[in-house]
Amino acid sequence: MLDANNTSVVIGLIAPWVSKLFHLDMIWVFKIVLPMFLAGVPLVLFATFKKMFGDKRAFFAAMFFMIVPVFSMEMAQIAKTMIAELFLALMVYFMVTDWKWYYKLVGISGALVMIYLCVSLFR
């Protein structure tokens, strides 16, 4: 039985829900499904940097982010940061879009709430 003490929403709710939804063992959820969220981070950052700097600089910035040891070794070991990092990248993307200010506000606020839920502890 899952004990949700001293854990995050990702580990206590999302991972078991994905496991039951797709009839996957929890090991596969942690080894395959959650890293797919982390794999979206460089794509979102590339789209963000492309709006800010252009194609070539955006590619090098996204590649630099991927080869930093924190991304390639440490972040992939902590399940809750894999999803929180995607929402952080989305928050930065919402900041550079040319949307109306209230759409940006909703996107940034939603991303902040999701980041907090992904990394916070609950009891």
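## Helices 5 and 6

In this structure, the crossing in which helix 5 passes helix 6 is left-handed. The model is a predicted one. Helix 5 covers residues 79-96 and helix 6 covers residues 101-119. Their axes come within 9 Å of each other and cross at roughly 165°. Because angles over 145 degrees count as roughly antiparallel, helix 5 is roughly antiparallel to helix 6.

On the side of helix 5, the contact is made by K80, I83, A84, F87, L88, M91, F94 and M95. On the side of helix 6, the residues are K104, G107, I108, A111, L112, M114, I115, C118 and V119. Sorted by type, the residues of this contact are 14 nonpolar, one polar and two charged. An α-helix has 3.6 residues a turn, so residues three or four places apart point the same way.

## Overall make-up

The protein has six helices and zero strands. Along the sequence, the pattern reads α-α-α-α-α-α. The protein has 123 residues, and 33% of them count as buried.

Contacts can also be sorted by how far apart the two residues lie in the sequence. Among contacts in the protein with a separation of 6 or more, 63% are between residues 24 or more positions apart.

## Helix 1 and what covers it

Helix 1 runs over residues 9-21, and its buried residues are V9, V10, G12, A15, P16, V18 and S19. The elements that cover these buried residues include helix 2 (26-53), helix 5 and helix 6.

A15 is one of the residues of helix 1. With a relative accessible area of 0%, A15 is buried. Leaving aside residues up to four places away in sequence, A15 touches V10, M26, V29 and F30. A15 and L34 are 19 residues apart in sequence, and the distance between their C-alpha atoms is 8.0 Å.

## The loop after helix 1

H23 lies in the loop between helix 1 and helix 2. Just after helix 1, H23 takes a positive phi of about 55°. The phi of H23 is positive although H23 is not a glycine. H23 is exposed, and its relative accessible area is 72%.

## Helix 2 and its partners

Helix 2 packs with helix 5 at an angle of about 20°, and the two axes are 8 Å apart. Since angles under 35 degrees count as roughly parallel, helix 2 is roughly parallel to helix 5. Helix 2 passes helix 5 in a left-handed crossing. The contact of helix 2 with helix 5 involves 19 nonpolar, two polar and two charged residues.

Another partner of helix 2 is helix 3, which spans residues 55-67. The axes of helix 2 and helix 3 come within 8 Å and cross at roughly 145°. This crossing of helix 2 past helix 3 is right-handed. From helix 2, the residues V41, P42, L45, F46, F49, K50 and F53 take part. They meet D55, R57, A58, F59, A61, A62, F65 and M66 of helix 3. By type, the contact of helix 2 with helix 3 holds twelve nonpolar, no polar and three charged residues.

## Aromatic pairs

The structure holds six aromatic pairs. In one of them, the ring centres of F94 and W99 are 5.5 Å apart and the ring planes stand at 40°, so the pair is tilted. F94 is buried, with a relative accessible area of 15%, whereas W99 is partly exposed, with a relative accessible area of 40%. F94 also belongs to the contact of helix 5 with helix 6. Together, Y93, F94 and W99 form one aromatic cluster.

Y102 and Y103 form an aromatic pair that is also tilted. Their ring centres are 4.9 Å apart, and the angle between the planes is 55°. Y102 is partly exposed, with a relative accessible area of 37%.

Technical notes
Residues numbered from 1 in each chain as written. Predicted model: local features only at pLDDT ≥ 70, side-chain atom pairs only at ≥ 80, totals over all residues. Heavy atoms only, no water. Axes fitted to C-alpha atoms, helices over the stretch in contact; angles between N-to-C directions. Helix = DSSP H or I, 4+ residues; strand = E, 2+ residues; numbered from the N terminus. Parallel < 35°, antiparallel > 145°, perpendicular 65-115°, else oblique. Left-handed = near helix turned anticlockwise from the far one by under 90°. Contact = heavy atoms within 4.5 Å. Nonpolar A, V, L, I, M, F, W, Y, C, P; charged D, E, K, R; others polar. Phe/Tyr/Trp six-rings, centres within 6.5 Å; stacked < 30°, edge-to-face > 60°. Buried < 20%, exposed > 50% of the residue type's maximum accessible area, 1.4 Å probe, protein only.
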